[in-house]
Amino acid sequence: MANDCKIGVFLCECGRRIAPLVDIDQLKEKLEADPLISYVGVEPFSCLAPGMAGLKKAIADNGLDRVVVAGCESRVMLHKFERELADSGLEAGQIDMVNLRGHVAQVSDLSPEEKAAKGFKLIKALAAGLETLALTAHEKVEFKGPAMILGGGIATYSAAQELSRRGIECIVAVATDEWEDEIRMLHEHYPGERHYYDRLEAIMKDVDASPLVRRITVGELASMTGRTGDYHVTFSDPMGGPPRIYEVGAVIAALDGQMLNQGSDFGHDGRNVICHTEAEELLWTLGPPEGKVVFWLNDYEAGHPEYSYLSCRAAWSMARYIRERSPLTQVTMLHHHQMAIPLSAGERAASRKLGIKWIPYDGALRPTVQAGFVTYCDPESHVEHELPWDKLVLSPRRSVGQEATKVAHILGLEHQEGAFLEERKQRVRPEQVGRQEAFLAGSARYPCDLHESLRQGRRAAAKTAEMISKAQAGELYAPRMVCVVDQSKCIGCGLCKEICDCGGIEPVEGPGGNIPRHVDPMVCTGGGTCAAACPYHALTIQNNTSDQREARVSTLAQTLDPDEVMAFGCAWGGLAAADNAGVKGMAYDPRLYMLQVSCIGQLDPSVLARAFLDGANSLLLIGCPPEDCHHSFGLDHTWSRVNLMKKLLGLCGFDRRRIALAHADLNRPEDYIRTVNSFIKSMAELGPIERTPENREKLAGLYATVNNPRVRWVLGATLRRPWEDVYPGNQRNALAFDRDMMGVVSEEFIRARVANLLKEQARPFQLRELAAALHEDEKPLMDSLREMVGEGVVGRMHKDGVAHYVMR
Amino acid sequence: MLSLTIDGKKVEAEAGWSLLDTARQHGIDIPTLCYHEAVEPFGACRLCVVELKQGNNSRLVASCVYPAEEGLEVFTSSEKVNSVRRWILEMLLSECPASREIREMAGQYGVNTTRFEVKDPEEQCILCGLCVRACAQVVGANAISTVGRGAQKEIGSPYLVPGEDCVACGTCVTVCPTGAMGARFERVRGVPSVIMARPGK
């Protein structure tokens, strides 16, 4: 390869845990003889201070710019090597690790020489991957424009206050001109919170006075495009003018949920049986009611006992207000006997003093509303009582609301119908993703009171401010291994956006159409199943590309013995289980050669095909347990890719069992060992693929087929989407779909083989000759040829009255 | 360069190396439990004690945190050191009798039974906090910590319920020196939504 780099390998002895078990001298000799590797060092402990000093010295002396450490678990130790060797000019991606201790030394009873041979193959494969690495510059994230707070929720104000307090400029996009209006309407979202309004007003005045806050009055949010640091936000004009576009660096969404009234099954009529929002309106327009007021905290009956805390606080606040102003009104709180009353000692005392009655009812019997009475069952005596009322106040129904749903949709927040917007956190290491969360605040996120909503606003603002300050100081970098789009290859099909749920892939500008995509590097988690799905290879994970993985499998496949098995393990499942088996020293079949990926979904079918093409006889992919993939649906997508590979192996005339997907829980290494042993056993029964010229030709056809955009497109259609809830994907019309896919795959397989042959031989072929060379019937070949001629891929000429075909 | 002797062997060290670093670099093995190369040393388990001779006096220090100094005379397996290790292992044996790793290590020092009271025969955890430090320093997730105090102290996520911060990477399970974290991992990351069958179950 053209890549001019110097690769160093460091072997650890790790006390007595590697050195006597693996013949280090022999391993060193073999590595030194390899032209790929410039330097080999041996350290008692590479990871300790003395060893690290040795590494740094060797790197400086030999000008090494790629390093393989053959020691222990990369999941645990790689971070330290990256941190320590940063001074030596090595960055993430330039250092790789082989778990010589846990995957080779400790887990079998092979002789030290045999273990050295195994270690050599693994190290060489990683070195080949590093050689192919095309290092990209560290991407700095800049913020173009101020922060914007939109959505119109009340958390807008606390967020704006926090931002201006931290010296960050911001635009506040709201629907009304006056903040007094917002306070007037606030009880519709947060009933029973009047006692908090003074503080809220102080915040609003503070925001109003701040020179850093610009207030704009806008209509509905229309669209948001761009990425972290550079967004275009479009609103409709409230007066019906042309849409208004703002360029902002960061977006905080303040969204309030909606309060709905209970249905008639609780007797709600809007006059005498009312909900909190109506009660609050009544209190402030007509004043406290007279007679008997009963607050029934019916959240248990409404199916949401978890909201009873909020309802009870709001009801208590209103009850107190009524009793303080209208001493003749009788106020009773009727609550489920299991509900914890969320009052402080002082509030309980105040409640007693005000004569507010708290009556528990047995939750086993649902209270019944009648005209003027509620019947309930006493939890102690089990006698049913009647409680008279003139006004019955019910808890509200809390929902996310249409407004908030709409905004969330435009902001690209993944959202299930009717559910609150609380995000599902990506279960990846913090260092893997630049921005941990979408900045969202308010009761649309999850039901909360005003205080919590404002707190969320402050939190979102603080996090945003932290990011902006870091960017202003020039210290904010995107993670190294994230997806990038080669926009010259991208046709804007949007498949990647559909299957990725990081929310990091956006059109370059405007929605829809054949517009190339780009990736927000601060949101991408680097899972890479989107990259493996791209029909045109336009999407790649930078510093961790499919080319690197192909180089790795190619090198490993060439060195493997016929009975040895290549495997891939994902860092969360297979690899972790293998590491833990190594820590425990559990023995398993030593013929397994595991390469690691950070998600099994990173494996492009071309990588899988490359393994077979270059000499592997079988391939085991070990991912997470089902539904446990840490990167969207990488595991499910791999299922589909393995399915494609099985079809192609079948077409080649090989056993479909040669490739398999398996699942491993990292905490159950014994299960992992059963997986490995059983697969290797069945592969030993199959024997190797004979590398005859005929088989080689078929494998080359297989490799070309998985890189065919049409096949990749059909495969892309089968991949599980984030909204599908079935593993491993859409199983409706499974048979019909599978047959269609098989049709496409076999067509393209033949065409790929014809193209390979014509290209290789570079001479005109007759149909008969082609059929003989490819060992196929003439009929399907004829069909393929006719199409290929029609498309202009293949030229047809006549010699002596017989059609000859040649590659154009 | 500093020069010192370990077990009578003249060795050299750089300023900033610990005694453990220096000994391991020169092929001298010191047993450890709470120590892991990926995180800062902590000195919790005291198993890595070594004896420093100063004239007629000697004292015991934890080698993982004690820096190498010029002219030190270090003994890593003198009678005094081994006696202390046997005591520690005997106590650990009563603390976490279920740990295979602890039993094996104690066996190597001839400790097979314990005179201390065994409170929980199923316990494996020695509360060294290595998992907590790994979660903070290696992963950066800070998902686990010690919960409770004194005799009630244990390792877990806040309130001992599966937390959002855990990314289920399993670093804690891999670094755990006694195999205890495997048993409590489910309580930290949560039970997987799909549980795969086990043979015979």
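**Group meeting: a parallel sheet in chain A and its surroundings**

Hi everyone, let's start with the open sheet in chain A, where five strands run in the order β13-β20-β14-β15-β16 with parallel pairing. Strands here are DSSP runs of E with at least two residues, helices are runs of H or I with at least four, and both are numbered from the N terminus; two strands pair if DSSP finds at least two bridges between them. β13 (273–275) and β16 (357–361) of chain A sit at the edges with a single partner strand each, so one side of each has no neighbour in the sheet. From one strand to the next, the twist averages 25 degrees.

A quick word on the source: this is a predicted model, where local features need pLDDT of at least 70 and side-chain atom pairs count only at pLDDT 80 or more, while totals for chains, interfaces and linings use all residues. Residues are numbered from 1 along each chain as its sequence is written, with chains lettered from A and ligands numbered from 1 in the order in which they are written.

Back to the sheet: β14 (residues 292–297) and β20 (residues 391–394) of chain A pair over four bridges, in the parallel sense. There, A:Trp296 stands opposite A:Leu394 in β20(A).

Now, the partner chain. How many residues of chain A are in contact with chain B? It is 35, against 30 residues of chain B, contact meaning that C-beta atoms, placed from the backbone, lie within 7 Å. On the chain A side, α3(A) gives the most, with five residues.

Thanks, all!

Key: Two residues are in contact if their C-beta atoms, placed from the backbone, lie within 7 Å. Axes are lines fitted to C-alpha atoms, for helices over the stretch in contact, and angles run from 0 to 180 degrees between N-to-C directions.
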